[in-house]
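Me: I have a structure open and want to read it piece by piece. Shall we start with surface cover and then move on to contacts?

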Amino acid sequence: MAREHQINEDPTLPVKVVALSIIGLWVAYFLLTTLRGFILSYELQQAFGLDLQQEMLWRRAVVCMGGVAVTTVMWLLLRLTDLRAMWVKITAALLLALPAAGLIAQINQVMFLPVQEQINQKVQEREFNRLRPKDTGGVLDDVGARSEEFEEAMAEEQARREAELEQFQWLGLLDMAVSRYFLFLSWAALYLAMFAGSQARAAERRGERFRSAAKAAELRSLRYQVNPHFLFNSLNSLSALVMTGKPERAEEMIQAMSSFYRHSLAVEPTSDVALADEFALQAHYLEIESVRFPERLIPVFDLPGELSDARIPGMILQPLIENSVKYGVAPVTRPVTITVAAREDYGRLAVTVCDDGPGADGLGEPGFGIGLTNVRDRLEALFGKEASITSGPTEAGYCTEIRLPLRKHG
């Protein structure tokens with residue numbers, strides 16, 4: 001399966017793109033040669049009275065259609081080297097352009113040979129008229145003798161011209177093949193460049209998928225880091241309730257833990273949740289902790305209605321609230337209020353977790369512990385520099401605030 005997936009990932013150029021490049025090449029060739037043909041037709045018309053524009057136009061169109069067919073065959077062969085090294089592709093292009101150039105040169109010569117013959121005939125006629133002896137009133141026999149000599153000379157000249165023409169045809173074919181060779185090489189270079197671009201885009205997409213997969217794995221790891229820590233503390237509290245003979249409160253705690261885990265495990269670790277759902281989940285958690293601290297823990301949740309559907313990473317508040325319980329509620333014997341509040345601040349979502357406990361004194365050495373580091377890493381993995389977390393003592397106790405982009409959709 002992995003091999004099959006890799007094959008499907010191989011970059012290819014869409015047939016439409018290749019077809020457009022081939023047609024574009026020969027349309028450009030047609031337009032340029034047509035412009036040159038108009039100049040040649042004008043010269044022929046001035047010199048010999050020949051109007052060959054229409055005939056040359058349709059013959060040139062046939063040559064271009066043949067060029068499209070030859071280039072298509074060249075592409076079908078060249079694409080076999082798509083996944084090979086660059087030097088193999090270049091070598092294949094150099095070799096495939098040779099027969100392609102020879103074939104299109106042959107097609108061109110066959111199509112324009114009748115036109116060339118018409119031009120040669122006009123040249124011979126003009127030469128014949130220029131050299132033909134004029135009747136100036138001399139003796140008829142003398143004129144006849146000179147006409148026979150002229151005919152023989154013209155026959156010899158025509159035979160010589162035909163021999164030269166045959167030689168020039170081969171030289172012209174070779175010259176045309178060389179010029180068309182560079183035409184096919186130009187298209188091959190264009191194709192290789194487009195394919196290299198396709199490879200680069202495919203590599204970029206693969207890299208993006210790998211980065212997304214790595215980020216998802218990191219988020220799962222960070223998310224799963226929260227659950228065992230919470231479970232460890234909860235089981236310790238449950239054990240203490242059982243050991244002290246408080247089965248009713250232990251049962252309440254078990255029910256609250258069941259509700260909490262049913263809620264938390266139903267959410268994909270890397271997905272966002274509605275802020276209202278995150279607040280409800282943390283209310284379950286504080287309900288569990290209230291079993292441990294029934295007289296000391298006072299939870300307060302402040303969520304404006306317009307922010308209920310704002311999106312937030314699932315369980316991102318868990319380590320912050322857990323810190324408030326551990327360092328704000330547990331060390332003291334007086335009631336401590338934990339306030340979880342949300343607000344919109346200049347188009348961003350700000351969520352605070354504050355308590356009126358002992359503040360920095362309860363933390364011992366102030367700084368980022370495991371819980372705060374977990375939250376910071378998750379925010380950085382999801383939002384980069386667009387999110388932040390600040391934490392520190394206040395006049396009333398201790399407060400942590402996270403700020404992230406305000407999003408109200410999935």
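Me: Is E287 buried, partly exposed or exposed?
Reply: Relative accessibility decides this: buried is under 20% and exposed over 50%, with partly exposed in between (1.4 Å probe, protein chains only). E287 comes out at 44%. It therefore counts as partly exposed.

Me: What should I know about the model, and in which helix is E287?
Reply: The model is predicted, so local features need pLDDT of at least 70 and side-chain atom pairs pLDDT 80 or more, while totals for chains, interfaces and linings use all residues. Residues are numbered from 1 along each chain as its sequence is written, and side-chain values use heavy atoms, without hydrogens or water. Helices (H or I, at least four residues) and strands (E, at least two) are DSSP runs, numbered from the N terminus. E287 falls in residues 275-292, which are helix α7.

Me: How many salt bridges does the whole structure hold?
Reply: A salt bridge puts a side-chain nitrogen of Lys or Arg within 4 Å of a carboxyl oxygen of Asp or Glu. The search covers the whole structure. The count is five.

Me: How far apart in sequence are the parts that R407 and D272 tie together?
Reply: R407 and D272 form a salt bridge, 2.8 Å from N to O. R407 sits in the segment after β7 and D272 in strand β1 (residues 272-274), so the parts that the pair ties together have a sequence separation of 135 residues.

Me: Which strand holds E401, the partner of R343?
Reply: The side chains of R343 and E401 meet in a salt bridge at 2.9 Å, N to O. R343 belongs to strand β4 (residues 336-345), and the parts tied by the pair are 58 residues apart in sequence, because E401 belongs to strand β7.

Me: Which residues join R343 and E401 in one salt-bridge network?
Reply: R403 and D345 meet in a salt bridge at 2.7 Å, N to O. This pair also links distant parts of the chain, with R403 in strand β7 and D345 in strand β4, 58 residues apart. At 16% relative accessibility, D345 counts as buried. Shared partners bring R343 and E401 into one network with D345 and R403.

Me: Why is strand β5 largely enclosed by the rest of the structure?
Reply: Strand β5 spans residues 348-355, eight in number. It is largely enclosed because the buried ones among them number six.

Me: Which residue in the hairpin of β4 and β5 takes a positive phi?
Reply: Strands count as paired if DSSP finds at least two bridges between them. β4 and β5 run antiparallel and are joined by eight bridges, with A342 opposite V351 in β5. Their hairpin has two residues between the strands. The positive phi, near 55°, belongs to Y346.

Me: How many residues lie between β6 and β7 in their hairpin?
Reply: Strand β6 (residues 388-393) and strand β7 (residues 398-405) are antiparallel, with six bridges. In one of the bridges, P393 has Y398 of β7 as its partner. The residues between the two strands of the hairpin number four.
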